[in-house]
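Dear colleague,

Please find below the structure that I am handing over to you. My findings follow directly after it.

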Amino acid sequence: MEPTRIGYAPGVWDLFHIGHLSILNEARRHCDRLVAGVASDELTSRLKGRTPVIPLTERLEIVRSVRHVDDVVVETHGDKLQIWKQVGFHVVFKGDDWKGTPKWEILERRFAKVGVEVVYFPYTVHTSSTLLRRALELMQLTEPLRQEGHHEQDMSHQ
């Protein structure tokens with residue numbers, strides 16, 4: 001019997017969108033079992049300089065609910081080799097916006113030494129968490145959010 005090929009898809013998975021779903025879908029096609037790593041709020045804040053919009057518990061539930069995902073783990077530190085020791089994956093998946101970056105070039109060399117393949121998938125240019133976050137920020141600047149209950153009052157006058 002052929003051994004199970006375990007894949008690992010790390011990410012923040014904030015403001016979950018079609019690009020995220022595409023990566024998880026494509027990743028699952030390249031492995032028998034897919035584990036998604038969800039970066040903790042603290043790790044995201046440390047690495048990206050901002051906390052996610054969606055809290056960790058909700059991001060975990062969203063990613064866990066995707067049919068392509070077999071399991072989720074919380075990433076609390078940035079050392080992917082430590083996570084590899086914990087999960088035991090054979091292949092790691094990432095969006096190709098990371099390909100060629102110093103961080104992932106180093107990771108590719110480190111993973112190659114332990115037999116882990118790195119596979120990049122096309123980045124969804126038209127939709128990203130960064131674009132969605134900017135759109136939300138612009139909406140808050142141009143249209144103040146209505147106070148709770150205000151909308152219901154408007155509806156009662158119609």
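In this predicted model, Trp-13 touches His-20, Ile-23 and Leu-24, as well as Gly-37, Val-38, Arg-59 and Val-63, leaving aside residues up to four places away in sequence. Trp-13 also belongs to the largest nonpolar core, which has 19 residues. The residues with the most contacts inside that core are Trp-13, Leu-24, Leu-34, Val-63, Val-69 and Phe-93. Two or more residues of this core come from each of helix 1 (18-29), strand 2 (33-39), helix 3 (56-64), strand 4 (91-95) and strand 5 (117-121). There is also a second, separate core of 15 residues, and Tyr-8, Ile-83, Phe-89 and Val-92 are among them.

I would next draw your attention to strand 1, which spans residues 6-11 and is mostly covered, with 6 of its 6 residues buried. Both of its faces are covered: one side carries the buried residues Ile-6, Tyr-8 and Pro-10, and the other carries Gly-7, Ala-9 and Gly-11, likewise buried.

Strand 1 pairs with two other strands, as follows.

- Strand 2 runs parallel to strand 1 and is joined to it by 6 bridges. Pro-10 has Gly-37 of strand 2 as its bridge partner. Between these strands the chain passes through helix 1, and this β-α-β crossover is right-handed.
- Strand 4 also runs parallel to strand 1, with 2 bridges joining them. Here Gly-7 has Val-91 as its bridge partner.

Yours sincerely

Definitions and conventions
Residues numbered from 1 in each chain as written. Predicted model: local features only at pLDDT ≥ 70, side-chain atom pairs only at ≥ 80, totals over all residues. Heavy atoms only, no water. Core = buried A, V, L, I, M, F, W, Y, C linked by side-chain atoms within 4.5 Å. Buried < 20%, exposed > 50% of the residue type's maximum accessible area, 1.4 Å probe, protein only. Helix = DSSP H or I, 4+ residues; strand = E, 2+ residues; numbered from the N terminus. Contact = heavy atoms within 4.5 Å. Pairing = 2+ DSSP bridges. Right-handed = clockwise from strand over helix to strand, strands pointing away.
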